[in-house]
Each structure stands twice: as structure tokens, then as C-alpha cells.
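Please keep the sequence and the structure in view while reading.

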Amino acid sequence: AFRLSYVRESDGMSATVFAYPDASVGGGYFLLLAGLPSEAETGAQSIKREVTLVFDRSGSMRGEKLDQVREAALQILSALEDNERFNIIAYNEGVDMFAGAPVENTKANVEAAHEYLEKIKASGGTNIYDALGEALRQKPVEGTLPIVLFLTDGLPTVGQTSEAAIGDMAMKGNVYGKRIFTFGAGVDVNVPLLERVARDSRATSTFVLPKEDVEAKVALVFRRLAGPVLASPELAVFDASGSARSRVADVIPSKVPDLFEVDQLVVLGQYRGDEPLDFVFGGNYFGKERKFKFPFDPSNAKTQNSFVPRLWASRRIAVLVDAIRQLGAETGVMTVDAAGRDPRIKELIDEIVRLSTQFGVLTEYTAFLAREGTDLGDVARVMSEATTNLVDRGMNTRMGLSAVNQASNNAYQFRQDRLNISNTYYDERMARVSVTSVQQVSDRAFYNQSGRWVDSRVVGTPAEKPTRTIEFGSEEWMRLAEKLADAGRRGTMSLRGDIVLEVDGETILVKNEGAK
């Protein structure tokens, strides 16, 4: 079935809420989609940007990479609007600045910046700590959105080189709330560090693979940052009695990003109870503080909106995987045995496996769940394999192509806005892999076990053994099909072959060999 949903443009933001009811979470799941007006209000001005480009000029940048960075810088300067500001910081073992503070976008300043860029040569080491600290230290002009574009092609080699220390400084030292968009040129970079620095500041990380064009990647990101519309948005939740933040849980993203001209806001979470709620977003809208209220009535939740909990689960898994990867900065190289004894790691892995199994949302770390011969009832073995994958790769792999592939997979899941039915991801060689032995159908997931499709709610449990068999085409089969259709779950009968299905607490074997 194809369904089209749209929202009518209104004063400011427009939004719609999709909801799926689920008594097991005390309410259900919601998806809020909000869009920006196609045209700015009469007289409205986009929030002015203050852009600081910080780039690596260490010896490894010599040649084509440095030339590409220069071209990217020139593109950025040419794309700035009147009254916006900029600065350029180039670093190796030391930090060199075009100006002591961001300057206005004037013809004279841009010409001076061109001359500065032409004189830069590549040499020396890589002092990430001081370069990032200098960019964050400079106080932005009031009323602007401060943006840092931070590029490196290597690991920190000079000054403070601790990953944990650099990450902490970027978070605690960012007193002006600058958005730090990070770029890793090549694969010899600390991938989780660049991800953390960006994500902590409401920004994103981008990785430029060998033979890819640095200029093109940087320019692509900067083009998306045109015309800031809503900066520093915050979500509040109210019901008839007042503030009701406790009525929602596990809201993703926890920190709502800024919205630019072409952006759509996607917020997912769980809701509690059945009384109406109001979602209120407040922030700097076209330079003025405004709030937008979007009502949500849980009575409108439908099982047909089965894509909502799956999208939530995908993004939730990304959050948990990122937490494990970031723990690697604190723990250093971790053995699987030591990880199994660490309650923080065990808790995260338990939840990743639970969500992956329940929703059929598999990642490179949990794809083994759908492998022929995997006994999902052998909890100890399942957890051991998941721990090995998440520790050896997620925690211990900090650089190289196999770290970049993890960043690509996680970035996709963090912003996922459509179902990944085939569970496609990039492996450690950046080859695309799909898992077809698990299927997401309606609001259920099914695993292919010995030629049967088994409902995720009973797979690997004693309840997996059917108590009743229903033959394809029989009257009993028709009654079951009608019952599932009434509940919005007609698709669960569409899988080819036998299906082990849980219905109202009963496990049923549906014999589908005759289906054409």
C-alpha cells in the first residue's frame, strides 16, 4: 500500500504526529515530523552565521589535499551572506590564525583571506587540542549562529593527544555553544573522537575516503548550512495539568539539531498514558524567540503506523552503539572478558541485542542473529558473540577504514527516516551487505529458522513450539487472516513458506506451502 501524508503550511513550523499503540510500554511510540515554511515570512531574515574554518596543515596534508582545502575555503567565503562573519585557523604543531577574532564579510577582508590561504604551506605535526581550543575560545558576535568547520587528516601527535581529554575539552570548553562540524580526510583519523566532538555540539561528522575530493565534501556540508531558520530548539511537553515531560521517554534525538532552509525535523520517542499532549518547540526563529505548539492525541494511534517503533528502535540502537564506542576512549583497548565484567558495557549490549531481536533491526554487530544455525535461545552464546563484535570493533577500532565504516552505518541510523527493510549496512571493507533472513512485516519481525519464519516474540523461547497448526486456504486460515487484517497486521500472512506466529498469547504454525 502507498500512503501519502502531508501537512499544510502555516505560520512558522508545520508538523504532524504519527503514533503506534503499545501497551507494553504504557502507551506507545510517536514520530513527529515538522517542516519549515517554503518561504520566509515577510521581512524575516535568516539568522546570520559566524563561520570559523579550522584545518590541518601538517606534513601529511602536502599536495592535493591542501589544495582542495584551499578551494573549499574559497567556496565558503564566496557563499557567505552580507553581514556574516568568518575566520580561518590553520594548524600543525602550532596554531596560526587569519584574525584574532571573526571578521565581517567585506571585500577587503575576503581579499586578505585569499592572500592568507595562498601562503599556507604543509609541514610539521598535528596539534588538534590547541587548534580546537582556539576556535572555541573566540567569543561570537551576539545574534549570530557560530559554526566551526574542523578538518584533520591524522591523529593528534603534538600537545595533548589523549582522545578523552580532547573530547572533554570540546564539550566543556564550548561555552558559546558553537556547532562543530568535523571532517576526517582519509582513514588515519580517530573516528569516534570526531563523531563525539560533532554530536555533542548539535553538528555532524563527515569522512572523506582516499581518492574522494575534500573540497566537494566540505562544500556539500556547508551548502546544507545555508539560511539558518531555527537555532537551539528545545522540546517541552505539556498536558492539561501542565508540564508533562515524564509522559515521554527515550526521545531521540535528545538534543534537537538546528534547522536550516531545507531541513525537516524528525523526533521519535515513547509516550505514556492516553491523555492528549502538546509538543512545544522553542528556539531562535529567524532571529526572534518563538514557540510552536503541536497537539498529539494518543487515541489517534494506529497499528498501521508500525514503521514508527521500528524507526525509533533503529535510532535507539545507534545511540547505544555510540555510547559503547565512546567508552573506548575512557577504557583504552578492552578485552572481551573485561567487557563482560563491566556493568556499563553489559547493560548497553543487553539492550542492543534485545532491540535488535525484537524489532528485527540488525547491524554489523548483530547480523549473526539471523545467521542459519544461530540458537537465539542460547542467551550466553548470543551475548558472547555480540560482546565480541561490539568490543573488538565498536570499542577497540578507533581508526582506519573499518572505523569509518562504523561511522557511516551509525550516522545513517542516527538520522534514519525510512525503514531499512533489508537491513543493509557497510562492512569493514565498505562493501554493502544485506540481511534477508530476517523480515520486518507490519509491526512484527520474523526470523528464518530451519526454513520456517518464526515470530521474534517467541523465537528462541519455549513458546516457539506451536500449539496449533492452520492449513493454507482452510476456513480457519481465512478467519485468522481476517483477524490479523482487522488489527492492521494482514502482512504477517504474506511470507512464503511456513510461519510460526504468536496471536493473542498462542503460538500458531501457519502451513503456507500452497501459497502462490
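Does Asn410 count as buried or exposed? At 3% relative accessibility, Asn410 counts as buried, because the cut-off for that label is under 20%. The model is a predicted one. The points below are grouped by topic.

**Asn410 and its surroundings**

- Asn410 belongs to helix H11, which covers residues 401-414.
- Leaving aside residues up to four places away in sequence, Asn410 touches Ala318, Val321 and Asp322.

- One of the salt bridges joins Glu195 to Arg325, and their closest N and O atoms are 2.5 Å apart.
- This pair links distant parts of the chain, since Glu195 is in helix H5 (residues 191-199) and Arg325 is in helix H7 (residues 307-331), 130 residues apart.
- Both partners are buried: Glu195 has 1% relative accessibility, and Arg325 has a relative accessible area of 1%.
- Asp322 and Arg199 also meet through their side chains in a salt bridge, at 2.8 Å from N to O.
- Asp322 lies in helix H7 and Arg199 in helix H5, so this pair ties together parts that are 123 residues apart in sequence.

- The side chains of Lys346 and Asp350 form a salt bridge, with an N to O distance of 2.9 Å.
- Both residues lie in helix H9 (residues 343-359), and they are 4 residues apart, about one turn of the helix.
- Lys346 is partly exposed, with a relative accessible area of 45%, and Asp350 is likewise partly exposed, at 29%.

**Packing of helices H3 and H4**

- Two packed helices are described by the angle between their axes and the distance between the axes.
- Helix H3 (residues 128-137) packs against helix H4 (residues 163-172) at an angle of about 0°, and their axes are 10 Å apart.
- Angles under 35 degrees count as roughly parallel, and H3 and H4 therefore receive that description.
- On the H3 side, the contact is made by Ile128, Tyr129, Leu132, Gly133 and Leu136.
- On the H4 side, Ala165, Ile166, Met169 and Ala170 take part.

**A nonpolar surface patch**

- Phe2, Leu4 and Tyr6 form a nonpolar patch on the surface, and together they have about 480 Å² of accessible area.
- Leu4 is located in the segment before strand S1 (14-22).
- Leu4 counts as exposed because its relative accessible area is 67%, and the cut-off for that label is over 50%.

**Backbone features in loops**

- Ile252 and Pro253 are joined by a cis peptide bond, with omega of about 0°.
- Pro253 is placed in the loop between strand S12 (248-252) and strand S13 (264-272).
- Lys211 is not a glycine, yet it has a positive phi of about 80°.
- Lys211 occurs in the loop between strand S9 (205-208) and helix H6 (214-224), and it is exposed, with a relative accessible area of 90%.
- Ser442, which is not a glycine either, has a positive phi of about 50°.
- The loop between strand S18 (438-441) and strand S19 (444-449) holds Ser442, which is partly exposed at 21% relative accessible area.

Definitions and conventions:
Residues are numbered from 1 along each chain as its sequence is written. This is a predicted model: local features need pLDDT of at least 70, side-chain atom pairs count only at pLDDT 80 or more; totals for chains, interfaces and linings use all residues. Side-chain values use heavy atoms; hydrogens and water are left out. Patches are made of residues with over 30% relative accessible area and no salt bridge: like charges are joined within 9 Å, nonpolar side chains (Val, Leu, Ile, Met, Phe, Trp, Tyr) within 5 Å. Accessible areas come from the Shrake-Rupley method with a 1.4 Å probe; for residues, only the protein chains shown count as cover. A salt bridge is a side-chain nitrogen of Lys or Arg within 4 Å of a carboxyl oxygen of Asp or Glu. Helices (H or I, at least four residues) and strands (E, at least two) are DSSP runs, numbered from the N terminus. Buried means under 20% relative accessible area, exposed over 50%, partly exposed in between (1.4 Å probe, protein chains only). Axes are lines fitted to C-alpha atoms, for helices over the stretch in contact, and angles run from 0 to 180 degrees between N-to-C directions. Angles under 35 degrees count as roughly parallel, over 145 as roughly antiparallel, 65 to 115 as roughly perpendicular and the rest as oblique. Contact means heavy atoms within 4.5 Å.
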